Amino acid sequence: MGLESWMFLALVFVAHFDFPGFCYAEKAPYHSFVQEAASAPEVSFYDYIIIGGGTAGCPLAATLSASANVLVLERGGSPYVNPGKPDKENFFPNILDRSPGSYSQAFTSEDGVYNARARVLGGGSVINAGFYSHAEADFLKQAGLNEALVNHSYQWVEKKVAFKPPVLQWQSALRDGLLEAGVLPNNGFTYDHIYGTKVGGTIFDGDGHRHTAADLLEYANPSSIKVYLHATVQKIIFVTKVFSRPRAQGVIFEDAMGVRHRAFLTKDSKSEVILSAGALGSPQLLMLSGVGPTQQLVGLGINVVMDHPMVGRGMVDNPLNVLFIPSPLPVELSLVSIVGITRFDSYIEACSGISFTPAWTQRVAKELATILNQTVESSISLFQKAIANPSSLLNARIKGGIIFEKVKDPISTGHLELRSTNPHDNPKVTFNYFQAPEDLRKCVQGMKTVIDAINSKAFSNFRYEILSAEALLNLIVRLPLNLRPRHLTSAFSLEQFCIDTVMTIWHYHGGCVIGKVIDHDYKVQDVDALRIIDGSTFTGSPGTNPQATVMMLGRYMGLRILQERKFLKKN
């Protein structure tokens, strides 16, 4: 389809879906169509079965429900049960919660880096730091997405979940520090991805309440959609015939009580199963269903439906490295509000005044006190008093901020393998951080820029002069931020610091990469009635933070699928 046709299509859908009549009255969290999977019938039939009610799955389902019967299967619970839990002030306690009903499931990569994946309606938008920013133009061009339809889809999302964040003293000082450090120009507030320093959007409203992809279900037609919670998909069911391609027919899912249910596609030839289970869940479920590398599947006793050697390949996690900056002045509670977009492919972001768990608060306080004992002159009574009572420097809400650097588009890639045939188990993932020297170069440049920003005049009121950059590096080296070995040079060599203290920013992607596992219509190659629409298809993480683009993609592809459905009906 040519550009002119897509432009026309975009205008048609903007006119149709922005029409006031296309508005349903069910406001979050009062969705009558969201139920526990235990209430599901033993067998059911739908036009579209979406596996994963996450950042892409919710907008996709809401869009498809306008003209089709849709089922969403979400392995987690509802974010509305405990309304304050995902709010701004609870960011770290929320994402670090390891209780059975938590919104995140912990995993550790084979690289020794702690990580997490969402298990809640709304997906990663329920546990992330909330920054909302569009993808760069190159990402959209490489993905073959139409600009007019992309812009419409972003706007559709933004009506429900995007806000302009307050930028108070600490974030303002860091913004000005980045400008002093040469991350120019000052681009003010914008969702656009532009070189320089900018204020981006947020999914937290003015009261600090989080708005997630689950809120986009307010757009859904309640009579045409069903969302089941605590519904863990065991496998996709395929029909296989000699001399024909495998065709997705339905799914088997298990409720919280361990009872199994089957959902099948209607006989309509346009019906599809759509994987939106994320960069870990989608390749994992493909393999569990028999689509993946033959040798791995056979080794686990899985019946091979289709040999797809690229499933699970191309796994990428953007490396993150941080500095914690104690402040002599009180700081505001802020998550990511500003970003420095450098020309050497490093992004710099920050948060301040956040809450740690009590154990983490004590550990950071202990290590900081030790470092201050080593470096602070005995005549400085203020620091001596703080050392004697570390909680006066770091209480439940930290008095300081965290500034971090993210490497854009790492060259280093890894892979995902099944650990078992149990869908509740995390797969085994390797990201190979800093395997490529170019990635390490970006990290070093990024950390140098972070240090320049905190040493700037603009930021000087929010750091102790006596704490040198080396001392701040040493603090991070001392903390158990990952399982990787530490070297004696970590606090002196930025190269070694990056390697030893690397963390995740939870922007991992790949495993079902476009052009390798799926085509540009997001259809699984050589398999019928099966698409994948989520971050597992990305070759790079869009923009500084991907959630805006993942939500946009759900809306965008929902519109395209409905247009295809309409066209096929006519013919």
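Visitor: What makes Cys351 count as buried?

Guide: Buried means a relative accessible area under 20%, exposed means over 50%, and partly exposed lies in between, with a 1.4 Å probe and protein chains only. Cys351 has a relative accessible area of 5%, so Cys351 is buried. This is a predicted model, in which local features need pLDDT of at least 70 and side-chain atom pairs count only at pLDDT 80 or more, while totals for chains, interfaces and linings use all residues. Residues are numbered from 1 along each chain as its sequence is written, and side-chain values use heavy atoms, with hydrogens and water left out.

Visitor: How do you know that Cys512 is buried?

Guide: The relative accessible area of Cys512 is 0%, which places Cys512 in the buried class. Cys512 is also in no disulfide, since the nearest cysteine sulfur, that of Cys58, is 19 Å away.

Visitor: Why is the pair Cys443 and Cys498 called a disulfide?

Guide: A disulfide is a pair of cysteine sulfur atoms within 2.5 Å, and the S to S distance from Cys443 to Cys498 is 2.1 Å. By this rule the count comes to one disulfide.

Visitor: What makes the disulfide of Cys443 and Cys498 left-handed?

Guide: The torsion about the S-S bond is about -90°, and therefore the disulfide of Cys443 and Cys498 is left-handed. Cys443 lies in helix H11 and Cys498 in helix H13 (residues 494–500), so the bond ties together parts that are 55 residues apart in sequence. Helices here are DSSP runs of H or I with at least four residues, strands are runs of E with at least two, and both are numbered from the N terminus. Both Cys443 and Cys498 are buried.

Visitor: Why do Asp528 and Arg245 count as a salt bridge?

Guide: A salt bridge needs a side-chain nitrogen of Lys or Arg within 4 Å of a carboxyl oxygen of Asp or Glu, and for Asp528 and Arg245 the N to O distance is 2.9 Å. The two residues are 283 apart, with Asp528 in the loop between strand E25 (503–504) and strand E26 (530–532), and Arg245 in the loop between strand E12 (232–239) and E13. Asp528, at a relative accessible area of 25%, is partly exposed, and so is Arg245 at 42%.

Visitor: What makes Lys428 and Glu417 a salt bridge at 3.8 Å?

Guide: The N to O distance of 3.8 Å between the side chains of Lys428 and Glu417 falls within the 4 Å limit.

Visitor: Why are strand E2 and strand E14 said to pair?

Guide: Two strands pair if DSSP finds at least two bridges between them, and strand E2 (residues 43–46) and strand E14 (residues 260–265) have four bridges, in the parallel sense. Phe45 stands opposite Phe264 in E14. Strand E13 (residues 247–254) also pairs with E14, in the antiparallel sense over five bridges, and there Val251 has Ala263 as its bridge partner.
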